[in-house]
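Subject: Structure handover, salt bridges

Hello,

Here is the structure I promised to pass on. Please open it alongside this email. My notes follow below.

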Amino acid sequence: MSSASELFAEVRTIAEQAGIEQALARLADHFRDRRMHHELFEVLKMNVRHGLGIPLLYGESADDLDEAGRRRLEDGLLEACREVGTMLVEDGQLHEGWVYIQPVGDRELSRNLITSVPVTDENIDALVEIAFSGGAAPDFGYDLVLKKYGTCNAITTIDTRGAQFDAPTRRQIAAMLVNHLYDELCANVCSHIEQEKGEGTVAEGASLRELMAAHPWITAGGSHHVDATHLASVMRIGLVVEDGVALKRLVELAAYGASLASDFQYAGNPPFENTYPDSQIYYRALLGEKVDEAVAHFDRKAKETDRGRHGSIAIDTLIDLLKRVGRRQQALDIAFDQLESDETTTTANVHELAESGPEMDSVMKFFQQRNDLLGYSVGLLRKLDAGENGS
């Protein structure tokens, strides 16, 4: 290893005899080997600028670069961010590394880096912040919240921060919460049964439905096995879930909730005022069970709900249910009526419901009758873009 004085002399010799590029390479190797992250970044920046023929340091005047040069400068700086950010994360400096990694915009890199970090009591808060709030790996971050901080914090987290994610991610983390609460409830129910009946009473791997059928007394006398507010919250949060396993578990959770004493039957918002019975009808329909009854139930709810007080939530729920059970044209017809009478419904809401050619035709016809050129044209262009013949 060179002494400090030797290194100074070496860099000077390289710069004078081999040139600036070689001197910068030697400096980069030195700082890289010693994990001197910020110094390495400054050298990498200078190397990019030197390669473009502009001053090594930013000056008061703008860099004289054409468009291609600006792209090369940006790409070079992002590559420097990539290297230094990766090094910082690998060295456990998570927040500092994320500052460098974020501008790179490489989702795969971000995910791989964050999920590869061994979780400790010291870094878990930073991992949750970067993975979930920062969006580097939302499912990984949310799993940490569930395991480390529990159901209550997980519900608060999804309520306060879940809206930042796209629909598939929201569905994924909602399903994670459902599965977590379901597993927690099953474990507690099994423990209760074994305390009352003795070990070995519970069949290994029994579902909540099976446990309730075999031991209907488990909720008698006000017994409950999870926080009732958590259970009610999961009924609400689960409305976006599409995963089949999680949907089946939501039906079972709703049945369990319906069996609780009245003290634990918390009312929800329309159209789920009767939280557990209404939720059970909705989730069963999504599984293809008693769909006609569910549609009739939520259609009645939509008509009975005071829109002046509650807005369009009941109608929106009916439309969403119809869409998800494959009755898009029926959903469209309701959306058309809503668009005529409710300014909170937008043209985009209607277009999102149309997927097939006939559905797009009905959308085009509707907007043409309203003399809405933009609405008609969006329908026409979507149909053509989907490869169908339109007129």
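Start with Arg328. Its relative accessible area is 16%, so Arg328 is buried. Keep in mind that this is a predicted model.

Arg328 has a salt-bridge partner, Glu355. The closest N and O atoms of the two are 3.1 Å apart. Arg328 sits in helix α17 (residues 328-341). Glu355 is in the loop between α18 (347-353) and α19 (357-369). The two residues are 27 apart, and the pair links distant parts of the chain.

Next, Glu90 and Arg35. Their side chains form a salt bridge at 3.7 Å, N to O. Glu90 belongs to helix α4 (residues 67-90), while Arg35 is in the loop between α2 (20-33) and α3 (37-51), so the pair ties together parts 55 residues apart in sequence. Are these two buried or exposed? Glu90 has 54% relative accessibility, so Glu90 counts as exposed. Arg35, at 34% relative accessible area, is partly exposed.

Glu16 and Arg12 meet in a salt bridge, 3.0 Å from N to O. Both belong to helix α1 (residues 4-17). They are 4 residues apart there, which means about one helical turn separates them. Glu16 and Arg12 are both exposed.

There is also a network. Salt bridges link Asp29, Arg32 and Glu83.

How many salt bridges are there in the whole structure? The search finds 27.

Best wishes

Key. Residues are numbered from 1 along each chain as its sequence is written. This is a predicted model: local features need pLDDT of at least 70, side-chain atom pairs count only at pLDDT 80 or more; totals for chains, interfaces and linings use all residues. Side-chain values use heavy atoms; hydrogens and water are left out. A salt bridge is a side-chain nitrogen of Lys or Arg within 4 Å of a carboxyl oxygen of Asp or Glu. Buried means under 20% relative accessible area, exposed over 50%, partly exposed in between (1.4 Å probe, protein chains only).
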